[in-house]
Amino acid sequence: QAKASGKDKTVFFNAGIGGQLSRKMELEKDLRLAFEYGQFFIVYQPKWNARSGEEAGFEALLRWRHPEKGIVSPGEFIPIAEETGLIVPMTRWMLGEVCRQNKSWHDEGLFRVCISVNMSYRVFESMTLFDMVDEALRSSGLPGKMLELEITESIAMKNMAITLSQLQRVRDLGVQVSMDDFGTGHSSLGRLDEIPVDTLKIDQSFVKSSNLASKQALIVGIIGIARLLDLEVVAEGVETEEQAEFLLSRGCVLMQGYYYGRPMPPKEVEAGKWRIGAATGGTAEME
Ligand code: C2E
Ligand code: MG
Ligand code: MG
Ligand code: MG
C-alpha cells in the first residue's frame, strides 16, 4: 500500500511540473490571439475616502476570459505579456478604454474622479508612454488630471533618468502618478523625493499584518513620509473594519480593498452597490 501511494505521488509530482510548464506555454500561445479576439476586459476597484464617505477614484485592473481555462489572473498573464512585449499594445488599449469610460461617467454626472492604470517597466523601455497617454486623452477628451498611472519602486529605479523624464512629460499633461506597493520594491527611499509622484500606496502586506505593533510602526512611518513630502497616501488591501479604523486613526483617509469594494465590471460600478457595504461597514454585500 505504502509503496503504491509513494509511487503515485512521484507520478503526480512529475505531472504537476509538466502541467505547469505546458500551461504557461499554452497561455503564451493563446495570449497573442486573446488580444485580437477581445478576450480582455477591465474591472474597476473603488478607492474610498473614509472621512467624507465617497469614492475617491478607481483602479482599473485587467482580466482575461480564456475560452477554456476561464478567468486567468493578471498575476499569471502579466509576466507573460511582459516577456513577449504584448504588454505595450495591451497597455495602449487599456489607457484608451479607461479614458473613454471615465469621460462617459464624467459626462453622465456619475463620477468626477481619477482612474488609475498600472504601468509595466516595458512601457517605459519602449519609450512610447507619452504618445499613448496623449492619444488616449485626446481621443476621449478626458482632462489629464482624471488619469493616474501606477508605477512601482522597481520601475522607478530601473533606468531612472529615462523613467523620470517620461513621467515628467506625462505629468505636464496633468496626469497623476502613484507609487504602487510602496515599501516592498527595491527601495528608492533615498531618492523618493526625486521621483515625480503624487501619491504613495501602502502595500497590502503592511495592511494585512497591521495588528502587529512592528507593522503599525512602518505604516505610521509611510504616512509620515507622505505627509512630509506633501504626497497623498492610499492604503491597499483593506479587508476589515479594524484595519480601516487603525489607518484612519493614523491619518490615512484613502482606502482601497475588499472591505470597500472588489474590482467589478462597469455595470456594477454604475449601480454603486459597494457603497452600501462601505456605509454600513459590512462586507457581506460584497462576498
Ligand atoms: P496591484 O496593482 O497592486 O493591484 C492590487 C491587487 O490586489 C489586485 O489584484 C486587486 O484585485 C487585489 N486586491 C484589492 N483589494 C484587495 C483586498 O482587500 N484583499 C486582497 N487579498 N486583494 C486585494 P489583481 O487584479 O489580481 O492584480 C494583480 C496585479 O497585477 C496588480 O497588482 C498589478 O500589479 C497587475 N496588473 C493588473 N492589471 C494590470 C494592467 O492592466 N497592467 C499591468 N501592467 N499590470 C496589471
Ligand atoms: Mg496597482
Ligand atoms: Mg497595489
Ligand atoms: Mg499590490
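At roughly what angle do the axes of helix H5 and helix H7 cross? The answer comes just below, after a word on the model.

## About the model

This is a predicted model, in which local features need pLDDT of at least 70 and side-chain atom pairs count only at pLDDT 80 or more, while totals for chains, interfaces and linings use all residues. Residues are numbered from 1 along each chain as its sequence is written, chains are lettered from A and ligands numbered from 1 in the order in which they are written, and side-chain values use heavy atoms, with hydrogens and water left out.

## Two helices side by side

Helix H5 (residues 129-140) and helix H7 (residues 160-171) have axes that cross at roughly 15 degrees and come within 9 Å. H5 is therefore roughly parallel to H7. Axes here are lines fitted to C-alpha atoms, for helices over the stretch in contact, with angles from 0 to 180 degrees between N-to-C directions; under 35 degrees counts as roughly parallel, over 145 as roughly antiparallel, 65 to 115 as roughly perpendicular and the rest as oblique.

On the H5 side, the contact (heavy atoms within 4.5 Å) is made by Leu129, Phe130 and Val133, and on the H7 side by Gln166, Arg169 and Val170. By type, these residues are four nonpolar, one polar and one charged. Ala, Val, Leu, Ile, Met, Phe, Trp, Tyr, Cys and Pro count as nonpolar, Asp, Glu, Lys and Arg as charged, and the others, Gly among them, as polar.

## A pair of magnesium ions

Which residues hold the magnesium ion (ligand 2) as protein donors? They are Glu59 (OE), Asn118 (OD1), Glu150 (OE) and Asp180 (OD), at 2.1 to 2.2 Å from the ion. Donors are N, O and S atoms within 2.8 Å of the metal (3.2 Å for Na, K and Ca), and water is not among the atoms, so sites may look incomplete. Along the chain, the donors of ligand 2 follow the spacing E-x58-N-x31-E-x29-D. Distant parts of the chain are linked here: Glu59 sits in strand S2 (residues 54-66) and Asn118 in strand S4 (residues 114-118), 59 residues apart. Glu59 counts as buried because its relative accessibility is 5%, whereas Asn118, at 29%, counts as partly exposed. Buried means under 20% relative accessible area, exposed over 50%, and partly exposed in between (1.4 Å probe, protein chains only).

The magnesium ion (ligand 3) is coordinated by Asp180 (OD), Asp181 (OD) and Glu236, listed with two OE entries, at 2.0 to 2.6 Å. Its donors follow the spacing D-D-x54-E. Asp180 coordinates both ions, which are 3.6 Å apart. Asp180 is buried at 7% relative accessibility, while Asp181 is partly exposed at 26%.

## Around the two helices

Met127, in the loop between helix H4 (121-125) and H5, has a positive phi of about 60 degrees although it is not a glycine. Met127 is partly exposed, with a relative accessible area of 49%. Asn159, in the loop between helix H6 (153-157) and H7, is also not a glycine and has a positive phi of about 45 degrees.

## The whole protein

The protein has twelve helices and nine strands. Helices (H or I, at least four residues) and strands (E, at least two) are DSSP runs, numbered from the N terminus. Of its 287 residues, 45% count as buried.
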